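Notebook open, model loaded. Today I'm looking at what sits on the inside.

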Amino acid sequence: MKRLVFLFFLSLGLIVPMAAAVHAEDQKKPVVCSECNMKISEANKKFSVVLPNVSGMGPSFYDDVGCAVLSRNKECATRQMTFDSNAIAYDYLTVEAVPVEKAFFAFKSDAWTPMGYGIVAFKDKAQAETFAAEHGKGKVVRWFELVDMMGK
């Protein structure tokens, strides 16, 4: 009996550290875009969109606002509403989280973005307008205008 107890604790002593190592390894995996599978770097966070785990959707990460719009537009109307009310973009200048429904987007700018859509999010409308004027013939739109324009 003592032998069985010893073997049990010995195996437990081996399994727990192995499970912890596997869990730590999973946490080190890079975050990739749910649409195009491109790695999302910390430096490019200002171009990304995140959909937290809500109502059976997410968590989803997008390396470019354009990827988020494409993914969102593939969903049914109910899931689109869930996406719209929960997704977070990041302000281009401050990298501050901004709900997509409240953000202003410089659209069709010549700005570099990870997937080349040229869409940049801002918390402040005036900053978005200045950026759009300085970067080609872009214009400033809100989230619902953006998803409609890219859906056509």
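Is Val-65 buried or exposed? I checked, keeping in mind that this is a predicted model. Val-65 comes out at a relative accessible area of 2%, and the cut-off for buried is under 20%, so it counts as buried.

Next I looked up where Val-65 sits: it belongs to helix H2. Skipping neighbours within four places in sequence, I listed its contacts as Phe-47, Val-49, Phe-105, Ile-119, Trp-143 and Leu-146. I also took one C-alpha to C-alpha distance: Ala-89 is 24 residues away from Val-65 in sequence, yet 7.7 Å away in space.

Then the cores. The largest nonpolar core holds 25 residues, and Val-65 is among those with the most contacts inside it, along with Val-49, Phe-83, Phe-105, Trp-143 and Leu-146.

Last entry, on Phe-83. I found it in helix H3 (residues 77-86), where Gln-80, Thr-82 and Asp-84 are buried as well as Phe-83. What do the buried residues of H3 pack against? I noted E1, strand E2 (60-62), H2 and H5. For Phe-83 itself, again leaving out neighbours within four places, the contacts are Leu-51, Met-57, Tyr-62, Ala-68, Arg-72 and Trp-143.

Definitions and conventions:
Residues numbered from 1 in each chain as written. Predicted model: local features only at pLDDT ≥ 70, side-chain atom pairs only at ≥ 80, totals over all residues. Heavy atoms only, no water. Core = buried A, V, L, I, M, F, W, Y, C linked by side-chain atoms within 4.5 Å. Buried < 20%, exposed > 50% of the residue type's maximum accessible area, 1.4 Å probe, protein only. Contact = heavy atoms within 4.5 Å. Helix = DSSP H or I, 4+ residues; strand = E, 2+ residues; numbered from the N terminus.
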